[in-house]
Amino acid sequence: MERHIDLPLTEEIAKTLHMGDNVYLNGVIYTARDAAHERMTDQLAEGIPIPFDTTDATIYYVGPTPARPGTVIGSAGPTTAGRMDKWAPQMISLGARGMIGKGARSKEVIEAMKKYHGVYFGAIGGAGALLAKCIVDCELIAYEDLGPEAIRKLTVKDFPVTVLIDSEGNNLYEQGRKEYLEARDKE
Amino acid sequence: MREIDVSVITDTIEKMCISANVHLPKDMQKGIKSCRACEDGPIAQTILDQIIQNFEVADTEQVPICQDTGMACIFLEVGQEVHFTGGSLYDAVHEGVRRGYTKGYLRKSVEADPIRRGNTGDNTPAMITTDIVPGDKVKITVAPKGFGSENMSALRMFKPSAGLQGIKDFILETVEKAGPNPCPPIVVGVGIGGNFDHVALLAKKALLRPVDSHNEDPFYAQLEDEMLEKINQLGIGPQGFGGRTTAVGVNIETLPTHIAGMPCAVNISCHVTRHESEVI
Ligand code: SF4
């Protein structure tokens, strides 16, 4: 199913999204990769708050290339989400229920998604030039010293993603492949 | 003896780093397009269309094809008649990478220390491989390598008794384990033989060969075709959403090895397999 969604990703919206849906996201998302996740959770343990409002937030696992003058952002496709599995359950429990990345997730992450109505979206890995066209604003908001891994607030318009794992734990990586193989072997 | 000032090396590498990250090699473009033509999965067809659109946009708008502009793997084939002047050759290579990644607005993805981390800020050092060859020319190959796929690569020290079947199983097992993580459709570089260190380099060098080329030895050429066919029966498909196109190509390179061993390395690369060569 094709869906156009206005962010933030509330629990109500999250519950209506199903594995395999083609979704176009509109609104604000935040970028964070390994180093930012590590720092956010370390600082949280010391009582320092996360540099953005995590309520109903969507985190995009991306480290873009620098913007050329006159452009909003450089190439900006997803990185492998599994590397964030260590920190993701905590982020989800803090309300950041949307995640955009590529690749498989751990059991722990999927359990946290089921508990807090999280959604894992996939953007096309390696399609950074195309995806950048859907990013209309980019503001560096924290951890500038981390370079490409700094936290950026992005405004996206019709940003194309697919629901890889929905809030009930249905997983496109398992289902999609199974369905393809079943259809192929029937022929 | 031919003298080459190392500043020429710097200038060439600067230019090549930018170009290699923006223009997908023709063999990859052709390979992905022919995979699209025989793809039978409906989701897979859409994904491949978008992948094609992406490298076309990158090409015309001079934007990096992928945001992971990689570690700069630089291969130098240096003619033994060449004498470098004007400074250190390797310093000149790193300087070329530094300038290319800075001036080309490419991502700086290199950490100064593997455990203590810390971005070097200019994507140096480059990963340099040098071969001394006959002649008075220098061939430079720039191959930016992303780590979504690098992380899914594997090396195993087989005993000779594992035989051909052991190698085949290992290649399939590595692709299966990689699943959606290395941004399929992938390119699979395989090294067989040599020793622990050389087999990894062989697998990396296999990725430099055009994806539609074959090993010169018919035995290995046939093995490349067989493994490609087997990989594309796994059903992983583009992005791992299911489909025929899991790999665009399999390239195998070999070396003689020890009586007691049969090393094998599988270097996984993605649909953004970049490499560019120039002869000076
Ligand atoms: S694996 Fe390749 S296509 Fe995917 S993000 Fe890394 S460099 Fe880009």
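Chain B is divided into domain 1 (2-20 + 65-145) and domain 2 (148-273), with bounds that come from an automatic or database domain assignment. The model is predicted, so local features need pLDDT of at least 70 and side-chain atom pairs count only at pLDDT 80 or more, whereas totals for chains, interfaces and linings use all residues. Residues are numbered from 1 along each chain as its sequence is written, chains are lettered from A and ligands numbered from 1 in the order in which they are written, and side-chain values use heavy atoms, with hydrogens and water left out.

The C-alpha centres of the two domains of chain B lie 26 Å apart. Ten residues from domain 1 of chain B and twelve residues from domain 2 of chain B take part in the contact between them, contact meaning heavy atoms within 4.5 Å.

Empty space was then considered. Rolling a probe the size of a water molecule over the atoms shows where such space is left. On a 1 Å grid over the protein atoms alone, a cavity is a set of points where a 1.4 Å probe fits but cannot get out, and a pocket is an open set with protein on both sides within 12 Å along at least five of seven lines; lining residues have an atom within 4 Å of a point. Grid points are joined across faces, edges and corners, and a volume is the space filled by probe spheres set on the points.

The structure holds one cavity of 30 Å³ or more, and the volume of the largest cavity is about 80 Å³. Because domain 1 (2-20 + 65-145) and domain 2 (148-273) of chain B both give residues to its lining, the largest cavity lies between them. The lining consists of B:Ala143, B:Pro144, B:Lys145, B:Lys204, B:Leu207, B:Leu208, B:Ser269, B:Thr273, B:Arg274 and B:His275. Strand E5 (residues 138-145) of chain B provides the largest share, three residues; helices (H or I, at least four residues) and strands (E, at least two) are DSSP runs, numbered from the N terminus. By class, four lining residues of the largest cavity are nonpolar, three polar and three charged. Here Ala, Val, Leu, Ile, Met, Phe, Trp, Tyr, Cys and Pro count as nonpolar, Asp, Glu, Lys and Arg as charged, and the others, Gly among them, as polar.

At least three residues are drawn from each of domain 1 and domain 2 of chain B. The lining of the largest pocket has 17 nonpolar, twelve polar and 17 charged residues.

For the second largest pocket the volume is about 400 Å³. Among its 21 lining residues, A:Asn22, A:Pro160, A:Thr162, B:Thr46 and B:Gln50 are the closest to the centre. Strand E2 (22-31), helix H5 (128-132) and strand E7 (151-165) of chain A, together with helix H3 (42-61) of chain B, each give two or more residues. H3(B) gives the most, with five residues. The lining of the second largest pocket has 14 nonpolar, seven polar and no charged residues.

Chain A has six helices and seven strands, in the sequence pattern β-α-β-α-β-α-β-α-β-α-β-β-α. The radius of gyration of chain A, taken over C-alpha atoms, is 16 Å, close to the 16 Å that the globule rule gives for 187 residues, so chain A is as compact as a globular protein of that length. The globule rule is 2.2 Å times the number of residues to the power 0.38. Of the 187 residues in chain A, 57% are buried, where buried means under 20% relative accessible area, exposed over 50% and partly exposed in between (1.4 Å probe, protein chains only).

Two residues of chain B were examined individually. B:Ile236, in the loop between helix H8 (218-231) and strand E8 (247-257) of chain B, is buried, with a relative accessible area of 3%. Not counting residues up to four places away in sequence, B:Ile236 touches residues including A:Arg177, B:Val175, B:Glu176 and B:Phe241. B:Leu164, in helix H6 (residues 163-178) of chain B, counts as partly exposed at 36% relative accessibility. With the exclusion of residues up to four places away in sequence, B:Leu164 touches B:Phe219 and B:Leu223.
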